[in-house]
Amino acid sequence: MKKHFTSNIIFQNLKMQLEDGANSFREDLLIGEIEDTEIEHLAFVGPTLQKISLLEEHMNMFLFLKGNAELVADNLSFQIVPESIAIPLSFKNIQINVEEGETLHYVALTKKYTQDDHEDFNTYPNENKPDLFFTKFSDCDPYTEKIKSPKTISRTVLPEDIIPRVALGTVEALGPDEVRAHKHPMLDQLFLGLTDNCIRVYADGRSIELGPYSLLHIPIGSSHWVTVEKGDKLFYLWMDFFLDRTGQQWLKTHKPITTKKND
Ligand SMILES: [Fe+2]
């Protein structure tokens, strides 16, 4: 495993090319960077049926990056496409079926729930408790934020109060553009570069280039910002891991874009 340190910005490129003849691959990502959280990258070459046991007392999150497949949980079935997410909440295991000709790459995150997290689950309304949370990133609701330009498209992928102290979203723009400097000491943030992403990420004056399929940890509390050059694409998934439930107030800086319906 190669973990890169560029000053204090820690990132890791995912290995997206399998060895000749290999039918699967796994690697750990950013070991120890996010408290109580393990992150791994897995790849499977079809045809294969993977039976996956889920860790109890943990969030089990799957971020599908490349390849098509089918996810089955009891009598539910979901079409896995690139840039989609699944979080099973009511199951002890799931199956992923990858057909011949497909290679599936995904990032799996397991995060241990605290006592406070269990208490928070009990306060959530039933509509926030799906048996399995599944969505394509491109289907998610857009929002705006002061630190972004009007042409930037941000989407909330995992809203707050489905998984305690975790929220996810995407940011997409064609350069030139930027996400202006901001700080959020109440949360640990990861960026995962998506298809064709080509950006520069700055934190407290240091910077690195972030391409597609690369995972980066924003140093907690740092002033950070992002730039994308003319003609390049900015397209990444942000993952927020709040230190405590009050930190989620930060998400109020995201303003949903409401579309007026004819009624
Ligand atoms: Fe940030």
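## A pair of residues to begin with

Let's start inside a sheet: Phe64 has Ser84, a residue of β9, as its bridge partner. The two strands involved are β6, covering residues 58-66, and β9, covering residues 84-88; they run antiparallel and are joined by 3 bridges. Please keep in mind that this is a predicted model.

## The sheet of six strands

β6 and β9 both belong to an open sheet of 6 strands, whose order is β3-β4-β11-β6-β9-β12 and whose pairing is antiparallel. At its edges stand β3 (24-29) and β12 (132-136), each of which pairs on one side only. From one strand to the next, the twist averages 15 degrees.

Strands of a sheet pair through backbone hydrogen bonds, in either a parallel or an antiparallel way.

## A hairpin

Strands β7 and β8 make a hairpin, with 2 residues between them. Here 5 bridges link β7 (residues 69-73) with β8 (residues 76-80), and the two run antiparallel. One of these strands' pairings is that of Ala69, whose bridge partner in β8 is Ile80.

The partner of β19 is β18 (residues 199-203), which runs antiparallel to β19 and is joined to it by 5 bridges. Within this pairing, Arg200 has Glu209 of β19 as its bridge partner.

## Cis peptide bonds

Two proline residues deserve a look in your viewer. Gly46 and Pro47 are joined by a cis peptide bond, with omega at about 5 degrees. Pro47 sits in the loop between β4 (37-45) and β5 (48-53).

Another cis peptide bond joins Gly175 to Pro176, and its omega is about 10 degrees. Pro176 is located in the loop that runs between β15 (166-174) and β16.

## Positive phi in loops

Asp36 is not a glycine, yet its phi is positive, near 60 degrees. This residue lies in the loop between β3 and β4. Is Asp36 buried, exposed or partly exposed? It has 13 other C-beta atoms within 10 Å, so Asp36 counts as partly exposed.

Tyr213 also has a positive phi, near 55 degrees, in a residue other than glycine. Its place is the loop between β19 and β20 (214-218). With 19 other C-beta atoms within 10 Å, Tyr213 is partly exposed, because a residue needs 20 or more to be called buried.

## The chain as a whole

Stepping back, the protein chain holds 1 helix and 23 strands. A compact globule of 263 residues would have a radius of gyration near 18 Å, and the chain agrees with this because its own value is 18 Å. Taken along the principal axes, the C-alpha atoms fill a box of roughly 45 × 45 × 45 Å.

Of the 263 residues, 33% are buried. Among contacts with a separation of 6 or more, 69% are between residues 24 or more positions apart.

Notes:
Residues numbered from 1 in each chain as written. Predicted model: local features only at pLDDT ≥ 70, side-chain atom pairs only at ≥ 80, totals over all residues. Pairing = 2+ DSSP bridges. Helix = DSSP H or I, 4+ residues; strand = E, 2+ residues; numbered from the N terminus. Axes fitted to C-alpha atoms, helices over the stretch in contact; angles between N-to-C directions. Rg over C-alpha atoms; globule rule 2.2 N^0.38 Å. Buried ≥ 20, exposed ≤ 12 C-beta atoms within 10 Å, placed from the backbone. Contact = placed C-beta atoms within 7 Å.
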